[in-house]
Amino acid sequence: MENEQNRLLTATDLQDGDNTQSFADKLYEQITSVIGGSNANQFFCMSLPGTLISASQYAYDIDNNEPKPAFVRANESKLVNKLFDACQMTASDNGRHLSTQYKTALDMLTPKLNSKLFEAKNKLREVLMTPYPYNFGDGKQDVLTLEQVFYRLYSDYVEAKQAWAEKQVAKKNELAKKYPEQTAEDYKQRNNEFLDWYEITAEAEVLGVEEKLGKVLSVFSPGDMEIINGILDSGVGREIAEARSTIANVGKMNPDGGHVYPVQLYPENWFTLLNTSFTSVDLLESPAALAQQLALLVAQRSNITSNINSFLAIIPDETEVQALKEAYEKSDTAFKASLEALQKTYANTTLDMLKTLVDIMASQGLQEVTTVLPSTVMRIFGVENDKVKDLLDKLNANFKDCLTAQNDLIDKAQKATSAAMQYFEKNNKLQFKSMLSPLQQQLDNTNQDIEALKEKIRLATVLQSSKEANKQEDENEVAPNHVPENFTQIILTSSLKEANQASSSYASASSSNYGVSFFFGGYSSSSSHKEAISNAFASSSEMSIQIGLSVAKVQIGREWFNPGVFLLTEDMYNTSSKSIAPSKDYQDFSKDRFKEMNQCVFPCFPTAFVIARDVTIKFTSATAISNSFAQSVEDHSASGGGFFIFGGSRSSSSSSAQSNSSVQSSANSVTVRFTNPQILGYYLEATPADKSVSINNTEASSNTDFISIFEFVTKFQEMLDDYNKKYNKQTLNL
C-alpha cells in the first residue's frame with residue numbers, strides 16, 4: 001500500500017475548514033486580471049503544468065515578408081486546433097481535434113424549413129416562371145418566361161451602358177495621344193475638345209441607353225427583381241452547407257495522413273516574443289547545487305581511474321613506465337593514508353566526499369577546510385547546518401595532507417596513462433591501446449568538465465558570499481529583468497500553506513493536481529523528494545513563495561471556422577441523439593455548467609492562449625531552509641521537472657532531456673528560474689446553446705410552421721409539375 005505521505009492529495013482530502021485562498025486560485029485570478037477580456041462566453045483554462053514552447057518551431061522571416069513555411073503552418077495548426085474539457089484547470093487537452101469535432105457538429109444539423117416562407121417563395125417562383133410572350137423586334141414572337149424576358153432585356157441595357165462608357169474612354173485616350181505633354185495648356189485643349197465631342201455625341205447615346213432601360217421597366221423593375229432574389233435567397237440552411245464546403249476545401253494533407261487547417265495568430269510576430277531576459281549570472285546555480293554536480297563527476301573520475309589502473313598492472317617492468325607506476329602508487333598510498341586518518345576523526349566520510357571537498361577548496365583557492373561555505377558542506381556530506389562546524393574541525397587536522405596527496409595522485413595518474421599508451425603503441429599492442437584510448441578520452445573529458453564546474457563554483461561562491469554580506473533581501477528579485485512589448489508583468493506573493501489548499505476553481509477530469517503533486521508541477525518525483533516537501537508542508541507552512549513572470553495573450557484566428565452557425569440551431573433539426581452544446585442559456589460558468597458541457601459533442605473551443613516567460617519562483621523562510629527541501633527542489637529541477645503550473649523539459653512539447661530551469665539556494669531561500677517560455681493555458685469560448693430539435697421528435701414533426709427537407713422536395717416537385725402542365729397548355733393555345 002502506498003505510503004500515506006506520498007499519496008497524491010485531492011480537493012476532498014484538503015478540505016479542512018481553512019478559508020485561506022489557495023495558491024492556484026491566486027495565480028489564476030492574477031493571470032485573468034492582467035490579461036483582461038470581458039466576453040461573458042469565454043473562460044480561462046489553466047494548464048497544470050504549463051507546456052514548453054520553442055520559437056524554432058514557429059519562426060520565419062516575417063520582417064521581409066517571407067511566406068509562412070509549410071512546417072510552421074503545420075506546427076501552428078497542431079498548437080491551437082486542439083480541444084479541452086470545459087474546466088478552469090486541467091492537466092492536458094482531451095485528445096480531440098477542433099476540425100474533427102466541428103465537422104461532426106455540422107453533420108448533426110439539418111435546417112428546418114419555414115413553411116410560410118416556402119409557400120411565399122413558391123408564389124414568387126410561379127410569377128417568375130409565368131410564360132410571357134414578347135417580340136424582340138426580330139420578326140417573331142418568342143414564348144419565354146417573365147424572368148427570361150427580363151434578363152434578356154436587362155442584358156441589352158447593360159451592354160448599351162458599357163458601349164457608351166467605352167466610347168468615352170476611347171475618346172479620352174485619343175486626345176491623350178494628341179496632347180501628350182502635361183502642360184496646363186495641353187490639359188486645357190484636351191478638356192475642351194472632349195467637351196465639344198461629348199455635346200455632339202452624348203444625347204443620342206444616352207437616349208439609346210434610356211430606350212433599353214425603358215424596355216426593361218415595361219416588363220419588370222430591376223429594383224423589384226433584386227427584392228425577389230433576396231427573398232428567394234433568404235432562410236436558414238445555406239450557412240451549414242457553406243461551412244461544410246469551406247472546411248472540406250481548406251484542409252491540406254500531411255505526410256502522416258492527417259490534415260493541416262491553417263490559422264493566423266496575433267500578433268503575427270508572436271514567435272519573436274519567445275525569448276528570455278535572464279543573464280548567465282541569473283542562471284548560475286548555487287555553490288551547494290554545483291558541489292552536488294561536482295560529486296557526480298568526481299565519482300565518475302574515480303571509476304575511470306580505477307579501470308585505468310588495471311592496465312598498469314599488465315605493463316612489464318620497463319624503467320620509464322615502472323618509475324611512473326611507482327610514483328602513482330606512492331601518491332595513491334599517501335592519499336589512502338590521509339583518508340584513513342580523516343575517517344578516524346569522522347567515520348561517515350567516504351572517498352568521493354573527500355575528493356569533492358578537495359576540488360571545492362582548489363576551485364576557490366582555500367587553504368583551510370573550515371572556510372568552505374556551510375551550505376556546500378551540508379550538500380556534500382548530507383549533514384544539517386548545526387553539525388557542519390564539528391565536521392570541519394575534525395577534518396581540518398589531516399586535510400592539507402589529503403589535498404596535497406590527491407593533487408599529486410591526479411597528476412601521476414595522467415602521466416602513467418600517457419606512458420602506458422606510448423608503451424602499447426611502441427610494442428604494437430594495438431588491442432590494449434584501443435581499450436585504453438577511450439578510457440583516457442573519458443578521463444580527459446571528465447577532468448575538463450570538473451575544471452569548468454570548479455570555475456562556476458568559484459563565481460557562485462563569490463556572488464553568494466556578497467549577498468550574505470549585504471544581509472539584504474531584494475524584494476524585486478523575482479521581477480523579470482525586462483518586460484517586452486505585448487507582455488504584462490505579474491508579481492505574486494503566497495505561502496506554502498496556501499499552496500497546500502484545494503482550489504475552489506477545481507473542475508478537471510484529473511484529481512491529482514494538489515498537495516505534493518501540485519508542488520512538483522504535476523510531474524512524478526522520488527519518494528524521498530515527496531517526503532521532504534510533505535514535511536515542509538507540515539512544519540514550514542509559513543514559508544513564503546514569490547513568483548515573478550511576464551505574460552502575454554496570443555489571439556487565434558481561423559477563417560474557415562464559423563461558430564456563428566450554431567446560433568441558428570433553433571431553426572434546425574438534430575439528426576443525432578447527442579447535443580452539440582447545452583440547451584440552457586447559462587449566465588456564468590459553474591461546475592454544473594461544465595459538467596453538462598462535457599457531455600456534449602462540441603462544448604467549447606480555444607480562441608487564444610497565454611504564454612509566460614522569465615518565470616522565477618523564490619521560497620523564503622525566516623529560519624534556515626532544510627537541506628532536504630533545497631536538495632529536493634534542485635534534483636527535481638535538474639531532472640527536468642516543473643513546479644506548480646510551470647512546466648519543466650519533460651513537458652509533452654519537448655523531447656529534450658535537458659533541464660529547462662536553474663536553481664540557486666542559500667541558507668534562507670531557494671530560487672528557481674525557468675529559461676524557456678511556456679503556455680500557461682487557453683482561453684476557451686462556449687459554443688452557443690444547442691436549441692435544435694431531434695428530427696425524430698413527434699412534437700416537432702407535427703409543427704405546421706416548419707417542414708423537413710423531404711417535404712420541401714416533395715412540394716417543390718408538385719409546383720414544377722403544376723407549372724409544366726400550365727406551360728404546355730398555354731404553348732398549345734398560342
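L109 stands opposite N574 in β12. The model is predicted: local features need pLDDT of at least 70, side-chain atom pairs count only at pLDDT 80 or more, and totals for chains, interfaces and linings use all residues. Residues are numbered from 1 along each chain as its sequence is written, and side-chain values use heavy atoms, with hydrogens and water left out.

β3 pairs with strand β12 (residues 572-574) in the antiparallel sense, over three bridges. Two strands pair if DSSP finds at least two bridges between them. Strands (E, at least two residues) and helices (H or I, at least four) are DSSP runs, numbered from the N terminus. The sheet is open, has three strands in the order β3-β12-β17, and its pairing is mixed. β3 (109-111) and β17 (693-694) are the edge strands, each pairing on one side only.

T569 sits in the loop between β11 and β12. T569 is buried, at 2% relative accessibility. Buried means under 20% relative accessible area, exposed over 50%, and partly exposed in between (1.4 Å probe, protein chains only).

The T569 side chain reaches the backbone oxygen of A689 at 3.2 Å. A polar contact is a pair of N or O atoms within 3.5 Å; within protein, one must be able to donate a hydrogen and the other to accept it, and residues adjacent in sequence count only if both atoms are side-chain atoms. Not counting residues up to four places away in sequence, T569 touches L109, A689, D690, K691 and S692. Contact here means heavy atoms within 4.5 Å.

## Nonpolar cores

The largest nonpolar core has 39 residues. I31, I547, L549, I617, F619, F644 and F646 have the most contacts inside it. At least two residues of this core come from each of α1 (23-35), β1 (42-52), β10 (488-495), β11 (544-557), β13 (604-620), α19 (627-638), β15 (669-674) and β16 (678-686). Another core lies apart from it, with 31 residues, among them L265, F487, A552 and F594. Such a core is a set of buried Ala, Val, Leu, Ile, Met, Phe, Trp, Tyr and Cys residues joined through side-chain atoms within 4.5 Å.

What does F619 touch, leaving aside its neighbours within four places in sequence? F619 is in contact with F519, M543, S544, I545, I625, F629, F644, N668, S669, V670 and V672.

## Backbone exceptions

Most residues other than glycine have a negative phi, and most peptide bonds are trans. N65 has a positive phi, near 60 degrees. N65 lies in the loop between β1 and α2 (70-80). N65 is exposed, with a relative accessible area of 69%.

D614 also has a positive phi, near 55 degrees. Its place is in strand β13. Is D614 buried or exposed? D614 counts as buried, at 1% relative accessibility.

Y266 and P267 are joined by a cis peptide bond, with omega about 0 degrees. P267 is in the loop between β9 (264-266) and α9 (287-312).

## Cysteines

How many disulfides are there? The count comes to zero. A disulfide is a pair of cysteine sulfur atoms within 2.5 Å. The closest cysteine sulfur to that of C87 is in C45, 4.0 Å away, so the two are too far apart for a bond. C87 is buried, at 1% relative accessibility. C600 is buried too, with a relative accessible area of 12%.
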